[in-house]
Amino acid sequence: MSRDRFERGLLRVLRPVVILVLFLATAFPFLYMVMLSVRDIQELILEPGSLWPNSFTLDTYVNVLTRQGFLTFMRNSAVVAVASVAFTLLISIPGAYAVARLRFFGRRQVHFLFLAVYLFPAIVLAIPLFVLFTMLGLRGSLIGLILVYIAQTVPVTVYMLRNYFETVPQSVEEAAAIDGCTRLSTIWRVVLPLSKPALMATGLYAFMIAWNEFLFALLFLVEKRERWTVSLGLSQLAGSIEIPTTVLMAGSVVLTLPIVIVFFASERLLTEGLTAGAEKG
């Protein structure tokens with residue numbers, strides 16, 4: 001047997017094994033969390049090592065969504081996440097296009113300055129923001145939290161979109177200009193449709209940051225429970241000895257499930273955007 005044939009055969013065997021191991025390592029924690037969330041607490045105490053429940057119950061989800069207030073927390077998180085994504089894209093799209101296409105002094109260094117904010121730990125920025133938002137009367141409001149998330153995600157989204165905009169052929173934009181398009185109409189009618197994959201990835205990144213973030217939500221909203229986000233509500237469950245583990249796992253599923261749904265929805269749109277971005281000769 002030749003060396004090339006041996007290596008091909010070995011890779012053919014190892015490929016499904018590696019995929020299976022990675023799938024189990026990724027899916028098992030989520031599956032275990034779901035299994036715990038639908039178990040009765042008495043059954044869990046009697047058989048803590050059993051993975052598959054003898055009977056399923058949804059009382060834990062009813063408890064989380066009604067008694068623990070997760071419906072309100074999810075509404076607040078949805079408002080914060082959607083608004084953060086919308087305004088982040090609204091700011092980062094023209095910013096990234098300017099860095100990618102326009103010629104101005106310091107153009108090559110500007111994206112490094114954007115990312116410089118990540119040289120500082122979040123807790124260093126949290127204290128000045130806490131003082132500033134208290135003076136402005138924004139502490140305890142969702143608007144203040146949205147502003148923080150926009151400021152936190154815009155530098156990275158500008159960097160991500162700028163890299164993709166540079167791959168869009170300038171000949172397409174020149175053709176649009178010959179047809180009478182202005183700069184703004186070229187961005188709207190030509191650049192953005194060709195950049196669907198980058199827009200989806202950028203929007204998903206901003207959504208995940210806004211949905212899962214905990215530090216700033218705790219800092220700005222802890223005094224007003226009716227404005228808590230899901231991550232803040234889950235920390236309340238985790239810190240209470242009166243909350244059963246099954247209810248805590250149900251809260252974790254409620255926190256995780258929207259991200260999983262948005263990810264798979266964005267993955268489908270990502271594929272459509274990739275196949276729609278061809279330049280016609």
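Analyst: The protein has 13 helices and zero strands, where helices (H or I, at least four residues) and strands (E, at least two) are DSSP runs numbered from the N terminus. This is a predicted model: local features need pLDDT of at least 70, side-chain atom pairs count only at pLDDT 80 or more, and totals for chains, interfaces and linings use all residues. Residues are numbered from 1 along each chain as its sequence is written, and side-chain values use heavy atoms, with hydrogens and water left out.

Helix H1 covers residues 3–37. At 1.5 Å a residue, its 35 residues should span 51 Å, and the end C-alpha atoms are 51 Å apart, so the two agree; the expected span is 1.5 Å times one less than the number of residues.

H1 has a kink of about 35 degrees at Ala 27, shortly before the proline Pro 29. The bend at a residue is the angle between axes fitted to the seven residues ending there and the seven starting there.

Met 33, Met 35, Leu 36 and Ser 37 of H1 are buried, meaning under 20% relative accessible area (1.4 Å probe, protein chains only). In the protein, buried residues make up 38% of the 281 residues.

An unreviewed UniProt entry lists several spans as "transmembrane region", among them residues 12–34; positions follow the numbering used here, feature names are shortened, and annotations may be inferred rather than shown by experiment. Over residues 12–34 the chain is 100% helix and 0% strand, with end C-alpha atoms 33 Å apart.

Definitions and conventions:
Buried < 20%, exposed > 50% of the residue type's maximum accessible area, 1.4 Å probe, protein only.
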